[in-house]
Amino acid sequence: MKIYWSDTFNFFSKLTPLRIFNAAQLLVSFYLTKWTKKVFVFGSPMTVSFEPTTACNLRCPECPSGLRSFTRETGNLKKDFFTRTIDTISNKLIYLIFYFQGEPFINPDFLDMVSYANKKGLYTITSTNGHFLNKTNCEKIIESKLDRIIISIDGLTQSTYSAYRKGGQLQTVIDGSKLLVKTKKERKSKTPHIIFQFLVVKPNEHEIADLYNLAEEIGIDEVKLKTAQVYDFKYGNELIPTIDKYSRYQKKADGTYVVKNKLLNHCWKLWHACVFTWNGVVVPCCFDKDASHPLGNLSECSFEKIWKGKAYDSFRSQLIRGRQNIEICKNCTEGCQVWA
């Protein structure tokens with residue numbers, strides 16, 4: 001695995017004794033739970049994901065935002081709610097992810113919130129479809145001191161790109177990426193660490209080598225290959241790659257497909273991370289896209305009470321009793337990045 005020293009140093013510069021101690025507590029409680037099959041929770045999460053918005057400009061076929069299929073409320077994260085929440089939890093957090101569902105740049109206050117989080121000494125990350133990287137936003141990204149940006153580029157021709165990124169324009173993403181690299185150099189900024197993320201699907205799997213060439217040509221810092229989650233996989237799906245190592249699914253002798261990974265009855269995410277929807281609903285992880293497992297609402301009580309409350313402990317207990325009985329866990333693959 002390649003080490004990106006500038007980004008690594010930047011990440012570790014955010015650590016404080018309290019944050020390190022909290023992370024150690026989380027690790028101890030996770031392994032105690034794993035070994036004893038009884039729930040222990042020490043400390044607070046070292047990472048949270050905020051959902052800037054549920055809105056998106058694209059129509060990706062395996063995404064609730066793209067399908068406009070949410071049953072929960074939709075909207076934009078409010079800046080004052082965000083700052084109040086961060087003020088209460090930032091001392092133990094290490095990094096903050098500005099992404100859950102939707103396209104973050106649709107929220108007009110998104111980069112102001114990034115700036116506020118960085119003033120709290122947090123390592124900040126976002127993921128974007130790359131259609132909003134215009135001159136104004138590229139300058140604001142540098143000014144906000146965003147630490148890491150993941151740009152989804154899921155094809156190297158318009159045809160392969162739009163097989164998944166329906167409604168998107170590949171050239172817009174490439175032009176915006178070039179502009180961000182240029183702005184970063186002009187401002188002599190070390191951040192953000194810019195990543196091209198490539199969702200490997202059957203239509204684009206032959207383009208992986210060319211992706212690395214394009215990234216090097218533009219000046220992108222890192223490339224990540226990601227396996228695709230699909231909802232209807234049992235009888236095959238046109239998006240499932242033919243190259244086995246890039247697929248989350250395995251074809252059985254009878255022609256049906258199953259998730260490759262074994263569903264172990266533990267999950268590190270339930271101890272070190274959580275997700276906040278735009279309106280303050282706390283959900284266990286990024287696989288709960290429709291907030292079908294609400295664990296509390298930040299508008300009704302403090303996060304500390306939610307994190308160590310009955311609903312959270314009940315979900316953790318259910319997980320260690322049988323992960324296969326939780327719907328959002330059935331199609332989950334912890335570690336969905338492919339390092340190549």
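Mentor: By class, 7 nonpolar, 1 polar and 1 charged residues line the second largest cavity. (Ala, Val, Leu, Ile, Met, Phe, Trp, Tyr, Cys and Pro count as nonpolar; Asp, Glu, Lys and Arg as charged; the others, Gly among them, as polar.) This is a predicted model: local features need pLDDT of at least 70, side-chain atom pairs count only at pLDDT 80 or more, and totals for chains, interfaces and linings use all residues. Numbering runs from 1 along each chain as its sequence is written, and side-chain values use heavy atoms, without hydrogens or water.

The lining of this second largest cavity consists of Ala 228, Val 230, Leu 239, Ile 240, Pro 241, Tyr 246, Ser 247, Arg 248 and Tyr 249. Its volume is about 30 Å³. The structure has 2 cavities of 30 Å³ or more. (A cavity is a set of points on a 1 Å grid over the protein atoms alone where a 1.4 Å probe fits but cannot get out; lining residues have an atom within 4 Å of a point.)

Now the helices. Helix 6 (residues 135-144) and helix 8 (residues 170-186) have axes that come within 9 Å and cross at roughly 45°. The pair is therefore oblique. Their crossing is right-handed. From helix 6, Lys 135, Cys 138, Glu 139, Ile 141 and Ile 142 meet Gly 176, Leu 179, Leu 180, Thr 183 and Lys 184 of helix 8. (Contact means heavy atoms within 4.5 Å.) The residues of this contact divide into 5 nonpolar, 2 polar and 3 charged.

Next, helix 4 (residues 79-89) and helix 5 (residues 110-119). Their axes come within 10 Å and cross at roughly 15°. That makes helix 4 roughly parallel to helix 5. (Under 35 degrees is roughly parallel, over 145 roughly antiparallel, 65 to 115 roughly perpendicular, the rest oblique.) This crossing is right-handed. Helix 4 contributes Lys 79, Phe 82, Thr 83, Ile 86 and Asp 87; helix 5 contributes Asp 112, Met 113, Tyr 116 and Ala 117. The contact of helix 4 with helix 5 has 5 nonpolar, 1 polar and 3 charged residues.

Last, the backbone. Most residues other than glycine have a negative phi, and most peptide bonds are trans. Lys 37 has a positive phi, near 65°. Lys 37 sits in the loop between helix 2 (17-36) and strand 1 (47-50). Thr 191 and Pro 192 are joined by a cis peptide bond, with omega about 0°. Pro 192 belongs to the loop between helix 8 and strand 5 (193-200).

How values were computed
Axes are lines fitted to C-alpha atoms, for helices over the stretch in contact, and angles run from 0 to 180 degrees between N-to-C directions. Helices (H or I, at least four residues) and strands (E, at least two) are DSSP runs, numbered from the N terminus. A crossing is left-handed if the near helix is turned anticlockwise from the far one by less than a right angle, and right-handed if clockwise. On a 1 Å grid over the protein atoms alone, a cavity is a set of points where a 1.4 Å probe fits but cannot get out, and a pocket is an open set with protein on both sides within 12 Å along at least five of seven lines; lining residues have an atom within 4 Å of a point. Grid points are joined across faces, edges and corners, and a volume is the space filled by probe spheres set on the points.
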